[in-house]
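Here's a quick briefing to go with the structure you're about to look at. Have it open while you read.

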Amino acid sequence: MAEAALRTAPLDRTRVLQWLQTYGVYAGVALLLVVNIVITPYFLSAENFRTQAVQVAPVIIVAIGMTLVIGTEGIDLSVGAVMALAASVTALYLGYGLLPALLVVAVFAAAIGLANGALVALVGVQPIVATLALMVGGRGLALVLLPQLEDLRNPGLASLGSGDVLGVPYLILIAAALALLAAFVVRRTTFGRQLLAIGDSRPAAQLAGLPVRRVLIIVYVLCALLAAVAGVLATARLQASDPTSLGNLMELSAITAVVVGGTPLTGGRVNIAGTVAGAVLIQLLTATLIKHDLPPSWTQIAQAIVIVCAVYAARGRGKR
Amino acid sequence: MTATKTDAPVTAAGGGPPKDTGPEGAARKERLSGLVQQHGALAVLVIVSLVASFSFDSFATGDNVGNMATSSAFLAIVALGMTFVIITGGIDLSVGSLFALGGVLAAWGSRHGTPVALLLPLVVCGGIGVVNGLLVARSRLAPFIVTLAAMLGARGLMLALTDEGAETYLIGKGSFLAELGQGTTLGIGNPVWITLALFAAGAVVLRRTRFGQHVYAVGGNEDAAALMGAPVARTKILVYTLSGLLAGLAGALNAAWLASGVTILGNGMELEAISAVVIGGTLLTGGLGFVSGSLVGVLLLKVIQNIINQIGSLDSSYQQVVSGAFLAVVVVAQTWLGRRRRLL
């Protein structure tokens with residue numbers, strides 16, 4: 001009897017670990033929801049849910065792009081800088097109307113993404129350094145274009161930031177649509193398959209005749225475009241362009257969401273739903289600590305612990 | 001202006017037409033690209049400094065050079081630890097937070113005397129470095145993500161110590177700690193002397209000790225190093241510990257220099273340190289690098305910053321654009337050189 005228990009114990013442990021790796025994020029989100037419903041007053045109000053969702057939407061949008069990049073075994077540190085750049089370019093070109101301004105933002109973001117992608121795919125620079133250069137330079141460029149905070153008055157931008165459909169803010173709808181689109185692209189398109197193959201093994205993908213360089217460049221451009229969308233939406237919500245602080249440390253929030261969501265840093269596997277849940281988990285954790293008057297320092301320490309636990313739980317997956 | 005100068009080594013190395021393809025020419029070319037890799041940053045530093053001292057009257061003055069040296073010292077100490085970590089093929093993103101934490105701990109501890117003020121940051125930051133090293137080496141987690149968590153955790157700890165950043169601890173005048181940060185010896189600031197001593201020691205350790213050889217071996221090929229019998233895990237734990245210790249020490253010295261534990265420092269410092277190390281010719285893939293290059297990289301960043309301040313009409317955000325562009329140029333050049341050397 002005892003022998004049998006001993007023999008099955010390790011098996012159960014691996015099974016538990018496996019279960020945690022796949023569903024740990026969702027369990028964490030559910031746990032935080034239940035805990036909050038019990039201990040936090042007014043947590044179940046629609047207003048609270050809307051606030052949390054609107055706050056987390058830009059992070060989700062950036063994290064989707066980051067998930068794709070990490071799926072190719074890359075990383076993109078420049079997303080925060082692209083958000084800042086999007087904010088300052090929006091402010092500069094808003095005079096020509098909302099749509100032209102958004103187009104110019106897209107051009108700038110695509111240029112940054114193209115530079116990242118070219119450095120990584122054509123020159124062969126490591127993603128972390130290539131995007132580090134664009135991160136430093138991109139934020140500098142944003143500040144050169146618009147040195148200080150500027151209030152924006154544009155009805156179109158205002159409705160983008162605070163409008164809603166049947167009580168659901170545009171921000172949430174856009175984030176949800178982008179998440180669904182990304183999940184579809186990864187699962188159902190040739191491009192998605194190629195992306196995963198490259199992340200799994202770049203030499204093998206090359207030998208199999210996949211367009212490695214093209215896919216990598218497109219992934220970095222997509223990531224920059226998504227970061228720009230997040231930057232524009234955040235600017236629209238603020239009703240002001242703030243290139244100094246918008247998107248600061250966003251790269252870390254996005255990477256955290258991706259890692260907590262179960263996408264391994266080693267590439268070859270992409271979990272968009274997990275990323276969304278990861279971003280929501282961190283948001284709920286922060287909100288819980290803030291609502292109970294715990295200082296922000298605790299939030300950071302808690303976030304650090306969550307990251308280490310998530311990576312530790314995901315550790316076995318890379319080896320198999 | 002500086003950006004055009006930095007193009008010089010790239011064209012010299014990457015654009016060199018392959019005229020003579022004989023064995024002698026190949027060897028010469030390999031030697032040349034090795035030289036550019038090692039001393040390219042130094043050459044650019046000399047050129048930029050010369051041009052700047054001819055262009056700006058106030059550049060080559062004793063005061064300005066002294067200021068540049070002292071303000072470089074703290075980043076240089078952090079970059080020294082980062083060099084060791086990067087040579088093993090790792091990365092340490094926690095140094096900026098540890099720098100801030102070290103400064104706050106030193107200022108807080110200075111009320112209990114200088115030994116406490118110096119030991120406390122070293123013990124705490126070194127301890128966090130040990131945890132980083134254990135998670136990387138024993139649990140085999142990615143260095144990037146481990147030190148990212150440490151970065152958040154250390155900054156949280158620092159904020160918790162300072163009442164969410166509202167409290168700034170001061171360092172009393174006249175104490176030994178204040179003298180260490182603010183005093184001068186032979187007309188040169190003490191932090192500069194300490195930095196030079198640390199770099200000399202670092203160079204000796206890396207080049208002349210068994211530990212240094214293990215650092216290179218682990219970064220060159222971890223499996224091969226393990227097969228040769230090099231203590232891979234111990235070496236990794238040691239380099240992360242060293243990086244944590246040096247970041248804490250740099251923070252403590254900086255606090256002594258400023259006479260207070262400023263809580264907003266160190267943001268983005270990890271990126272500056274990585275840039276300096278990469279500019280100095282250390283490969284991020286590990287296995288190749290040297291500490292003198294990192295010193296040159298730090299000086300180069302600070303000289304560029306100083307020149308942009310001298311120009312006056314440009315605000316400091318241009319400095320970020322130039323630094324970013326410069327880093328991109330350097331890594332492209334390095335990748336080209338590396339590829340060329342492999343091909344030959």
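What follows covers one chain's overall build, the contact between two chains, and one helix.

Keep in mind that this is a predicted model. Chain A is a fold of 14 helices and four strands. Its partner in the contact described here is chain B, with 36 residues from chain B and 35 residues from chain A taking part.

**Chain A overall**
- Chain A has a radius of gyration of 21 Å, close to the 20 Å the globule rule gives for 320 residues, so chain A is as compact as a globular protein of that length.
- As for burial, 48% of the 320 residues of chain A count as buried.
- Among contacts in chain A with a separation of 6 or more, 78% come from residues 24 or more positions apart.

**Where chain B touches chain A**
- On the chain B side, the elements giving two or more residues are α6 (143-161), α12 (269-279) and α14 (317-343) of chain B.
- Of these, α14(B) supplies the largest share, with 13 residues.
- Sort that side of chain B by class and you find 23 nonpolar, nine polar and four charged residues.

**A helix to look at in chain B**
- Helix α13 of chain B covers residues 291-311, which is 21 residues.
- From first C-alpha to last, α13(B) reaches 31 Å, close to the 30 Å expected at 1.5 Å a residue.
- Since 16 of its 21 residues are buried, α13(B) is largely enclosed by the rest of the structure.

Technical notes. Residues numbered from 1 in each chain as written. Chains lettered and ligands numbered in written order. Predicted model: local features only at pLDDT ≥ 70, side-chain atom pairs only at ≥ 80, totals over all residues. Contact = placed C-beta atoms within 7 Å. Nonpolar A, V, L, I, M, F, W, Y, C, P; charged D, E, K, R; others polar. Rg over C-alpha atoms; globule rule 2.2 N^0.38 Å. Buried ≥ 20, exposed ≤ 12 C-beta atoms within 10 Å, placed from the backbone. Expected span 1.5 Å × (residues − 1).
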